[in-house]
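Please read it alongside the model shown here.

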Amino acid sequence: MEFIFVYVTFKDCAEALNVGKAVVEARLAACANIIDGMDSIYWWQGELQVEKEAILIVKSRRDLFAKLTDKVKSLHSYEVPCVVALPIEAGNEDYLNWLMTETKATDINLDS
């Protein structure tokens, strides 16, 4: 089984919290962490933007990434949200077993 960190940015902590709760409740992720107050510098519609954002880091499985992305996009306020996955190359076996257990319910009900 391949595990992933999913990195998502939001306009604020409240939106990140809302989406984090939704993906964990749907068992698309075992855990979500929020880092608030990040400074972001990026191009949007031809203009340089400098904004405060919140980061949501989600621990999940590669096979759930498409469903997780769909869920994030359905709740996200951005037109083009950043939702990217990074592989977990290694980890505490007990933690990875827990991650598997906490996302296993999605195998039964992928419509959540």
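1. Glu15, Val19, Ala22 and Val23 in α1 meet Leu68, Lys71, Val72 and Leu75 in α2, where contact means heavy atoms within 4.5 Å. The residues of this contact comprise 6 nonpolar, no polar and 2 charged; Ala, Val, Leu, Ile, Met, Phe, Trp, Tyr, Cys and Pro count as nonpolar, Asp, Glu, Lys and Arg as charged, and the others, Gly among them, as polar.

2. The model is predicted: local features need pLDDT of at least 70 and side-chain atom pairs count only at pLDDT 80 or more, while totals for chains, interfaces and linings use all residues. Residues are numbered from 1 along each chain as its sequence is written, and side-chain values use heavy atoms, with hydrogens and water left out.

3. Helix α1 spans residues 13–25 and helix α2 residues 65–75; their axes come within 10 Å and cross at roughly 145°. The crossing is right-handed, a term for a near helix turned clockwise from the far one by less than a right angle (left-handed if anticlockwise). Axes are lines fitted to C-alpha atoms, for helices over the stretch in contact, and angles run from 0 to 180 degrees between N-to-C directions. Helices (H or I, at least four residues) and strands (E, at least two) are DSSP runs, numbered from the N terminus.

4. Strands β2 and β3 are joined by 12 antiparallel bridges, with Ile41 partnered by Val50 and Ile35 by Ile55. These two strands form a hairpin with 2 residues between them, and Gln45 in the turn has a positive phi of about 50°.

5. Strand β1 (residues 3–10) pairs with β3 (residues 47–61) over 8 antiparallel bridges, and Tyr7 stands opposite Ile57. Between β1 and β4 there are 5 bridges, again antiparallel; here Phe5 is opposite Leu86.

6. The largest pocket holds about 190 Å³ of space. A pocket is an open set of points on a 1 Å grid over the protein atoms alone where a 1.4 Å probe fits, with protein on both sides within 12 Å along at least five of seven lines; lining residues have an atom within 4 Å of a point. Grid points are joined across faces, edges and corners, and the volume is the space filled by probe spheres set on them. Strand β2 (residues 31–44) gives the most to the lining, with 4 residues.

Definitions and conventions: Pairing = 2+ DSSP bridges.
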